[in-house]
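I opened my notebook to get to know a structure I had not looked at before.

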Amino acid sequence: MGQVYCLVVPRTLLFALVLLLELMGWVWILQGVGVLPGSFMSGDIVWAIIGGMLVFLANAALIVLVLSARRA
C-alpha cells in the first residue's frame with residue numbers, strides 16, 4: 001500500500017504542475033499577441049514566443065507522464 005501511495009501522489013502533483021504550466025503558457029501567448037490586455041507583456045511578441053515554448057514543453061512533459069503511467 002505504501003508503494004502505491006508513493007507512486008500516485010508525485011505523479012498527480014506533476015500532472016497538476018504540468019497543467020498549470022500549460023495554462024500559464026497559453027496566457028502568455030494571448031498576452032503576447034494582444035488578446036489579453038492590461039499587462040506589460042501585452043502586445044510584445046517575445047512573450048507569445050516564450051509562451052509557445054512553454055506550452056510545447058508542458059505538452060512533452062504531459063506525454064511523458066501519460067506514457068510512464070501506462071508502463072507502470
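I began with the helix rule: helices (H or I, at least four residues) and strands (E, at least two) are DSSP runs, numbered from the N terminus. With that in hand I looked up Gln31 and found it in helix α1.

Before going further I noted what I was looking at. This is a predicted model, where local features need pLDDT of at least 70, side-chain atom pairs count only at pLDDT 80 or more, and totals for chains, interfaces and linings use all residues. Residues are numbered from 1 along each chain as its sequence is written, and side-chain values use heavy atoms, with hydrogens and water left out.

**Entry: the whole chain**

I then checked burial, where buried means under 20% relative accessible area, exposed over 50%, and partly exposed in between (1.4 Å probe, protein chains only). Of the 72 residues of the chain, 18% count as buried. The chain exposes about 5300 Å², and carbon and sulfur atoms supply 79% of that area; accessible areas come from the Shrake-Rupley method with a 1.4 Å probe, and for residues only the protein chains shown count as cover. For contacts I used heavy atoms within 4.5 Å. Among the contacts in the chain with a separation of 6 or more, 45% come from residues 24 or more positions apart.

**Entry: helix α1**

I went back to Gln31, which is buried because its relative accessible area is 11%. Leaving aside neighbours within four places in sequence, I found Gln31 in contact with Leu36, Ser39, Met41, Ser42, Gly43 and Asp44.

Next came Gly25, also placed in helix α1. Is Gly25 buried or exposed? Gly25 is buried, with a relative accessible area of 0%. Not counting residues up to four places away in sequence, Gly25 touches Gly51, Leu54 and Val55. I also looked up Gly25 and Phe56, which are 31 residues apart along the chain, and their C-alpha atoms are separated by 8.8 Å.

Glu22 sits in helix α1, which covers residues 2–32. Glu22 has a relative accessible area of 15%, so Glu22 counts as buried. Beyond the neighbours within four places in sequence, Glu22 is in contact with Val55, Ala58 and Asn59.

My last stop in this helix was Arg11. Arg11 is partly exposed, as its relative accessible area is 28%. Arg11 and Val66 are 55 residues apart in sequence and 9.6 Å apart in space, C-alpha to C-alpha.

**Entry: helix α2**

I traced helix α2 over residues 45–71: it has 27 residues and reaches 39 Å from its first C-alpha to its last, close to the 39 Å expected at 1.5 Å a residue. The expected span is 1.5 Å times one less than the number of residues. In α2, I found Ala48, Gly51, Leu54, Val55, Ala58 and Leu65 buried.

**Entry: aromatic rings**

I paired rings of Phe, Tyr and Trp (its six-membered ring) if their centres lie within 6.5 Å; planes under 30 degrees apart count as stacked, over 60 as edge-to-face and the rest as tilted. How many aromatic pairs does the structure hold? The structure holds two aromatic pairs. The rings of Trp28 and Trp47 have centres 5.4 Å apart and planes at 70°, so this pair is edge-to-face. That pair links distant parts of the chain, with Trp28 in helix α1 and Trp47 in helix α2, 19 residues apart. Phe40 and Trp47 form an edge-to-face pair, at 6.0 Å centre to centre and 85° between the planes.

Trp28, Phe40 and Trp47 form one aromatic cluster.
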